Amino acid sequence: MERMNVEFYEKIWMWAAAVLLVLFLGTILMTAVSDAIYPPSHMETVNPAALGDSPEFSNPAVSVRPDGSVVVAIVAQLFSFNPNPIEVPANRPVTFRLTSADVIHGFEVVGTNANAMIIPGYVSQFTITFTKPGEYIVGCNEYCGLLHHSMVGKLIVRKELP
Ligand code: CUA
């Protein structure tokens, strides 16, 4: 059997590539274990053409579950967010559930780390606790059309439940 001949420098680069791969995968694993940072995993579909028939998205609003947690259903469409303004309490976990009636939009609460992409056909979901009462600007950060720049909403964080 003939032995494959690998150049010395090629060997170095092969090992370097292997070490980098282990490092990168290790970083993902480490942050997952130590900081609970995961890639997006929420997968839920909804028919964007039939949002009017959806109990949750036909009249999107802020609601309080029996256990006291707050859920906000939001529909984004050219070029607004519904509901607007959004009123939520401070110091309580708020779960945002977002979907789009038309194209891809963004949902970013400026000055916080609430930031998600809104994709028609899917429900984007994340939970965040706002600690500072006040008014926040909600911006669309995915280019969605001519009036993208004017697609702005308002989030009001109150000391108590509104
Ligand atoms: Cu919606 Cu940009």
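I began with the pairing of β2 and strand β3 (residues 80–82) in this predicted model, and I found the two strands antiparallel and joined by three bridges. Within that pairing I noted Val-75 standing opposite Asn-82 of β3. The connection from β2 to β3 is a hairpin of two residues, and I looked up Phe-79 in that loop. The peptide bond leading from Leu-78 into Phe-79 is cis, with omega near -5°.

Next I turned to the other partners of β2. Strand β1 (residues 62–64) also runs antiparallel to β2, through three bridges, and I recorded Val-70 of β2 as the bridge partner of Val-64. The hairpin of β1 and β2 has five residues between the strands, and there Gly-68 takes a positive phi near 95°.

I then asked how much of β2 is buried. Seven of the eight residues in β2 (residues 70–77) are buried, so I describe the strand as largely enclosed by the rest of the structure.

In the loop between β3 and β4 (86–89) I found Pro-85, which a cis peptide bond joins to Asn-84, with omega about 0°. In the loop between β4 and β5 I found Asn-91, whose phi is positive, near 55°, although the residue is not glycine. I kept in mind that most residues other than glycine have a negative phi, and that most peptide bonds are trans. Asn-91 is exposed, at a relative accessible area of 55%.

Key. Residues numbered from 1 in each chain as written. Predicted model: local features only at pLDDT ≥ 70, side-chain atom pairs only at ≥ 80, totals over all residues. Heavy atoms only, no water. Buried < 20%, exposed > 50% of the residue type's maximum accessible area, 1.4 Å probe, protein only. Helix = DSSP H or I, 4+ residues; strand = E, 2+ residues; numbered from the N terminus. Pairing = 2+ DSSP bridges.
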